[in-house]
Amino acid sequence: TILAILEYIWIMIEGISIFLISLTTAVLTYYSGFGLGTLLLPAFALFVPLELAIAMTALVHFSNNILKVFLVYATIDRKLLLRFGGAALIGSALGALLLRLIDDFGVCYHLTFFEKTHEVSYIGLIVGVLMLLFAVVEYIPKLSLKSISLTLGGLISGFFGGLSGHQGALRAAFLSSQ
């Protein structure tokens with residue numbers, strides 16, 4: 001029974017950690033408008049499988065966005081919301097669908113590290129590459145996206161949000177360049 005108690009305590013610590021990480025990152029990223037997924041996804045992936053970490057990141061994003069809507073409701077540009085947000089919603093559904101299809105591919109390769117074999121899934125590989133790519137893109141000075149319409153920008157931003165949970169930097173780049 002001591003092991004059961006310790007396991008229960010560990011589960012409680014994980015749950016409290018996930019809650020505190022979610023709350024802290026939501027507050028920190030409120031003003032920047034992006035970064036929530038970049039911070040949450042790796043933190044969640046420490047506790048749960050990657051597919052579940054992506055879903056948890058999406059839930060925190062959704063909750064955070066609902067809160068932001070209530071906080072800034074009076075200043076929302078409804079035309080912009082429909083053009084960009086509507087396209088982002090469609091893009092996120094397409095990205096999530098692709099994520100689901102990739103999940104069926106299974107394991108990409110096995111990696112042996114310090115005499116322990118780890119499986120690398122296609123989802124893990126793709127999300128890892130996207131995280132690295134988005135980190136590099138954030139350091140490109142004056143990335144101009146003016147030639148891309150808001151609707152296409154919303155679609156692209158939403159797609160990557162649905163695929164990996166990372167769309168904030170793209171969303172900020174598209175919206176600030178208009």
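This structure holds 3 aromatic pairs, where rings of Phe, Tyr and Trp (its six-membered ring) pair if their centres lie within 6.5 Å, with planes under 30 degrees apart counted as stacked, over 60 as edge-to-face and the rest as tilted. Two of the pairs are set out here.

| Aromatic pair | Centre to centre | Angle between planes | Geometry |
|---|---|---|---|
| F105 and Y122 | 5.8 Å | 85° | edge-to-face |
| F113 and F114 | 4.6 Å | 70° | edge-to-face |

Before going further, a word on the ground rules. The model is predicted, so local features need pLDDT of at least 70 and side-chain atom pairs count only at pLDDT 80 or more, while totals for chains, interfaces and linings use all residues. Residues are numbered from 1 along each chain as its sequence is written, and side-chain values use heavy atoms, leaving out hydrogens and water.

Helices (H or I, at least four residues) and strands (E, at least two) are DSSP runs, numbered from the N terminus. F105 is exposed, at a relative accessible area of 55%, whereas Y122 is partly exposed at 31%. For these words, buried means under 20% relative accessible area, exposed over 50%, and partly exposed in between (1.4 Å probe, protein chains only).

F114, from the other pair in the table, lies in the loop between β1 and β2 (116-121). E115 is found in that loop too. Most residues other than glycine have a negative phi. F114, however, has a positive phi of about 55°, and E115 has a positive phi of about 65°. F114 is exposed, with a relative accessible area of 73%, and E115 is exposed as well, at 81%.

**Helices α2 and α3**

Now to the helix packing. Helix α2 (residues 36-45) and helix α3 (residues 50-72) pack at an angle of about 140°, with their axes 9 Å apart. Axes are lines fitted to C-alpha atoms, for helices over the stretch in contact, and angles run from 0 to 180 degrees between N-to-C directions. The two helices are therefore oblique to each other, given that angles under 35 degrees count as roughly parallel, over 145 as roughly antiparallel, 65 to 115 as roughly perpendicular and the rest as oblique.

From α2, L36, G37, L40, L41, F44 and A45 meet L50, A53, I54, M56, T57, V60, H61 and N64 of α3, contact meaning heavy atoms within 4.5 Å. The residues of this contact comprise 10 nonpolar, 4 polar and no charged; Ala, Val, Leu, Ile, Met, Phe, Trp, Tyr, Cys and Pro count as nonpolar, Asp, Glu, Lys and Arg as charged, and the others, Gly among them, as polar.

Buried residues of α2 are L36, G37, L40, L41, A43 and F44. These buried residues pack against α1 (2-29), α3, α5 (122-137) and α6 (150-164).

**S157 in helix α6**

Helix α6 also holds S157, which is buried with a relative accessible area of 1%. Leaving aside neighbours within four places in sequence, S157 is in contact with F84, Q167, L170, R171 and F174. The C-alpha atoms of S157 and G95 are separated by 9.8 Å, although these residues are 62 apart along the chain.
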